[in-house]
Amino acid sequence: MMTSRSAMAATWLLRYLNDTPHFDSIVGDLEEFRSEGRSQAWYWRQTLVAVASHFARDIWKHKLLAFRGLAVAWALMPAYNLGRLLAVKASIAGRSFTPLLDFGRTPALHLFETSFQEIPRSLGVARNAGSPHFLAACAILVVIAVIFGAATSLIVGRLHPQHHKTIIALYALTMLITVLPNAGSLTLAAYSSRKFGSVLHALIYCANNTALITGIVVGGFLYQRAAERSNRPF
Amino acid sequence: MRDNIGNFELMILLALIRLGDEAYGVPIAKEIETRSGREISVASVYAALDRLATKQLVSSELGEPTPERGGRAKRYFRITAKGLREVRDTRRVLLKFWEGIPKLERGGA
């Protein structure tokens, strides 16, 4: 028999479908199957298939809206990268304050990357400036990542009130897909070089982007809560 | 113009005919699982029922909530006259296709 905590987690995940016409019927049917003794693995399989298939169908039905949501979210990426670069540089101001960005050295297109190379460079300067500066810069990066993630999520949700869950989930997924290869290569580089600097770089990148994705998810929940409270699209 | 129904949709319509007044998600899913011999997703049953409802091949009504369903009501489905015609037409067409393929009928390649 399934543990109630596991059932609650699966049912919570099913809430993704709660704006579909058959949400109550699906949850009721799964509950009835469960009371007849279907396994925990079966219940989770049914939940994941229901959520994944609805997600895929919703994106397919609203391709243009999904594209617009992603375009808006990713278009804000340069503001995020410049903002956190400014914050890191400000945290070490007085020691090595340099112009915000040298576009000759860093092409503008790099501003759209989660692995924006100016950040580790500036963190290197912060590290040389001493532990307090470095720790402050790392903390600032994490806080900015959470705030940016949540803010973009709220913007995307507000632009797509009818499909906010799907488009915010898609945004988080694209972020994860973008981050994973970089995180993998940084981890591999850290493992093969075994240098403290490389390990630190990989750790900061992972922490920063985990904070960013967490922010997106948190923003999604905040939007959902606000929409439920007002009982209409936020 | 006739509606095209897929294999899974046809299975659901046949399950509705077999189950009569007791056709809601759980028995429909069980019927298909028993007869097809494979596990099916409850959500896919509802997605197919949705498509069939759009084509006006099935209708539905809400039943009473029950405790074993966590207080959630059953949604009963019923095949419409148009749905029955569709099943008959599909059967006729499929039987025509089967004619002249004796090897397959005997379980051959």
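Let's zoom in on α2(A): which residue follows this helix, and is its phi positive or negative?

Modeller: Before I start, this is a predicted model: local features need pLDDT of at least 70, side-chain atom pairs count only at pLDDT 80 or more, and totals for chains, interfaces and linings use all residues. Residues are numbered from 1 along each chain as its sequence is written, while chains are lettered from A and ligands numbered from 1 in the order in which they are written.

Now your spot. The residue that follows α2(A) is A:G37, and its phi is positive, near 105°. (Helices here are DSSP runs of H or I with at least four residues, strands are runs of E with at least two, and both are numbered from the N terminus.)

Let's step back along the helix itself.

Buried means 20 or more other C-beta atoms within 10 Å of a residue's own, exposed means 12 or fewer, and partly exposed is in between, with C-beta atoms placed from the backbone. The buried residues of α2(A) include A:I26, A:L30 and A:F33, along with A:D29 and A:R34.

What covers them? Within chain A, the buried residues of α2(A) pack against α1 (4-14) and α3. From chain B, their partners are α2 (25-36), α3 and β2 (72-79).

That brings us to the place where the chains touch. The contact takes 17 residues from chain A and 15 residues from chain B. (Two residues are in contact if their C-beta atoms, placed from the backbone, lie within 7 Å.) On the chain A side, α2 (23-35) and α3 (40-61) each supply at least two residues. α2(A) gives the largest share of that side, 11 residues. By class, the chain A side has six nonpolar, seven polar and four charged residues. (Ala, Val, Leu, Ile, Met, Phe, Trp, Tyr, Cys and Pro count as nonpolar, Asp, Glu, Lys and Arg as charged, and the others, Gly among them, as polar.)

Zoom out to chain A. It has nine helices and zero strands, and 33% of its 234 residues count as buried. The C-alpha trace of chain A spans about 65 × 40 × 30 Å along its principal axes. The domain assignment (automatic or from a database) gives domain 1 (4-53) and domain 2 (64-230). The centres of these two domains, taken over C-alpha atoms, are 34 Å apart.

Elsewhere in chain A, the axes of α7 (residues 131-159) and α9 (residues 196-230) come within 7 Å and cross at roughly 35°. (Axes are lines fitted to C-alpha atoms, for helices over the stretch in contact, and angles run from 0 to 180 degrees between N-to-C directions.) The contact of α7(A) with α9(A) has 19 nonpolar, nine polar and no charged residues.

A:R194 has a positive phi of about 55° although it is not a glycine. It lies in the loop between α8 (164-193) and α9 of chain A. With 8 other C-beta atoms within 10 Å, A:R194 is exposed. As background, most residues other than glycine have a negative phi.

Last, the partner. Chain B has five helices and two strands, running α-α-α-β-β-α-α from the N terminus. Of its 109 residues, 28% count as buried. In the loop between α3 (42-54) and β1 (58-66) of chain B you'll find B:Q56, which has a positive phi of about 60° although it is not a glycine. B:Q56 counts as partly exposed, with 13 C-beta neighbours inside 10 Å.
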